[in-house]
Amino acid sequence: MDDVSGGGWLPNEMIMEVLLWLPARSLLRFRAVCRSWAALFSTEQFCSLHMATPKAAPPKLLFISPAATPDSSTEVCSVSLSAGPEDDLKLFTLDSACGDSMQLLMPAPCHGLNLLFDAVTLAYYICNAATRAVTRLPPFPRGFRHASAGLGFDARTRRYKVVRLIGGTHDDIESIWCEVYTHGGDAGDSWRPPAGRGVPLGLRRFAGAAVSDAQFHNLPPVFANGSLHWSLHPLSSKRPRAAVISFSLADKTFSFIRPPPFWTSPAPLLASDPESIPYRNAELEGHLVQMDDQLCMIRDLRYDGNTGGYILEIWKLLDRSSGAWSLYHAVHLFGRVARDLCRPEVMRVIGFTSSNGRLGKKIIIITSEHILYDEFRKKVHTYDLSSESLETILSIEETHASLEGVTPSLIFSLFEETLAPIHRFAEHA
C-alpha cells in the first residue's frame, strides 16, 4: 500500500485502520486533504476493504420523493431508520426522468449500488447514493412484453452486473431470454447473453412464469450468495416443484430452488373480497428478501384463517441444493402490530438491520393502503424481533390512476454507504 501518512508522523497501518472505519461521506470530504488520499480512496483495493469493514452508522432508507407535478424531476432522498421524517435529506435529482415514472428496482443495495428504472423511457440507471454518483445504462436492443431486472456483484471478476429476464414473442413464438450488462467491463457498453448461454429448456416455463409474476406483482429479484433470485407464485405451476429461479453471476448459469414446506399447493382465492384478489393473493405464499447475505422467504399470514396468532413468518434457506428451509422467526398478531399491518392491502419486508447480532435485529416493513379513488398511503415500519415492537418511520401519500399504485416496494430501498465507483458513459449522459 502506498504512503498515506500525508507527511505526518503516524504509521501507515494506523492511519489506514482509522480510515477504513470512517463513513463514506467523511472520506469524500477527506479527498481534499492531499493527493495521495484522493488517489487511495479511488482504488479498488481500498473500496473493497472499506466495504468489508463494519460501520457503526445508523441504518438509512432510500426513497423516491412523490412528484409535485406530472413533469417534475425525480428526487432521490434518504431518511434514518432510527429517527424520523424530520431527518429527510435530498441526495440528488434526475432531471431526465419524471418522479412518477422512476422506480427503485432492488429492495436492498448491492455492495452499495442501487438500480433504478424509468418506466416511461425504459432506461436503467445505476447510482451510489452515498457519493451521489449516477449513470444511465445503454439502451437494450429488444422490445419485450414482460421483463424483470436486478443488480448483482460477480465476486470472481469483481464487476457489477445487471441481469434482465425477458419474456416476449420472437418470430411469432413465445420465448424467454436473458441479457447481461457488465458495469465497467471490458466487453463494451452493451447488453449481451450470458456467455452465449440462455435459459435452459427445462427451466424456461418456470423462468417465464417468474418474469410475469415479477412484473404483475412488482416483485423484484433479490441478490444473495452471488446469485439473483426470482420468486414463483404457486398459481404459476400446478405442481410447485420450484419456488425460486436463480442466476449465478459468476457461473452464468440458471438453477431452481425447491419450495419451503408450507408451499405445498396453489393458494385459494379470496372469494369474500374479490376486488383485492389481484394483489392480495400474491402475498399469500410469500416473497423473497436477503438477510445476512442469505436468501429468506417471507410468508404473509394476514389472510390465512389458521395462523395461530401469527401475522408473518420468516423462513431462511439452509441449503439450496436440497431445498432445505428453516423457520427463523414468527411475528405475533397483537396490539399495534395487528392494527398497522393488517389493514393495508400489501405488506412487504425489504430487509433487515442489526446492531448486535440477532439481538437488536429489526426487519424493515413496507405497507401500502388504498385510501380513496386514486390516493394511496405508503408507510415504512421497523419491527424489533427482540422486543416485538413496531415503529413507523415514514408515511407518504401518492396519487395513481389504477390499483397498481398499491404496491409499495418500487420507491423504497435500503441505503448503504460505500465508495463503490460509478462508471460514466458520455454517450449516454
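Which residue of β21 is the bridge partner of K362? In the predicted model, the bridge partner of K362 in β21 is D384. This pair belongs to the contact between strand β20, residues 362-370, and strand β21, residues 375-384, which are joined by nine bridges and run antiparallel. Both strands are part of an open sheet of four strands, arranged in the order β19-β20-β21-β22 with antiparallel pairing. The edge positions are taken by β19 (346-353) and β22 (390-399); each has a single partner strand, so one side of each is left without a neighbour in the sheet. On average, neighbouring strands of this sheet are turned by 20° against each other, direction ignored.

The protein chain as a whole contains seven helices and 23 strands. Of its 429 residues, 53% are buried. Among contacts in the protein chain with a separation of 6 or more, 52% are between residues 24 or more positions apart.

Strand β15 (residues 287-291) is joined to β16 by five bridges, and the two run antiparallel. Within this pairing, Q290 stands opposite L295 of β16. The two strands form a hairpin with two residues between them, and D292 in the turn has a positive phi of about 55°. Strand β16, residues 294-300, is mostly covered, with six of its seven residues buried.

Positive phi values were also found in loops. Most residues other than glycine have a negative phi. R158, which is not a glycine, has a positive phi of about 60°. R158 is located in the loop between β8 and β9 and is partly exposed, with a relative accessible area of 38%. N225 likewise has a positive phi, near 55°, and is a residue other than glycine. N225 is placed in the loop between β11 (222-224) and β12 (227-231), and its relative accessibility of 42% makes it partly exposed.

The search of the whole structure gave eight salt bridges. One of these eight is formed by E75 and K90, whose closest N and O atoms are 3.8 Å apart.

Another salt bridge is formed by R156 and D251, with the closest N and O atoms 3.0 Å apart. R156 lies in the loop between β8 (146-154) and β9, and D251 in the loop between β13 (244-248) and β14 (253-257); the pair therefore ties together parts that are 95 residues apart in sequence. R156 is exposed at 58% relative accessibility, whereas D251 is partly exposed, with a relative accessible area of 38%.

The side chains of E369 and R343 meet at 3.6 Å, N to O. E369 is in strand β20 and R343 in the loop between α7 (335-342) and β19, so that distant parts of the chain, 26 residues apart, are linked by the pair. E369 counts as buried because its relative accessibility is 17%, under the 20% limit. R343 is partly exposed, with a relative accessible area of 47%.

Is K161 buried or exposed? With a relative accessible area of 7%, K161 is buried. The side chain of K161 makes a polar contact of 2.9 Å with the side chain of D154. When residues up to four places away in sequence are not counted, K161 touches G150, L151, G152, D154, V180, Y181, T182, L249 and K252.

Technical notes:
Residues numbered from 1 in each chain as written. Predicted model: local features only at pLDDT ≥ 70, side-chain atom pairs only at ≥ 80, totals over all residues. Heavy atoms only, no water. Pairing = 2+ DSSP bridges. Axes fitted to C-alpha atoms, helices over the stretch in contact; angles between N-to-C directions. Buried < 20%, exposed > 50% of the residue type's maximum accessible area, 1.4 Å probe, protein only. Contact = heavy atoms within 4.5 Å. Polar contact = N/O pair within 3.5 Å; in protein donor to acceptor, adjacent residues only side chain to side chain. Salt bridge = Lys/Arg side-chain N within 4 Å of Asp/Glu carboxyl O.
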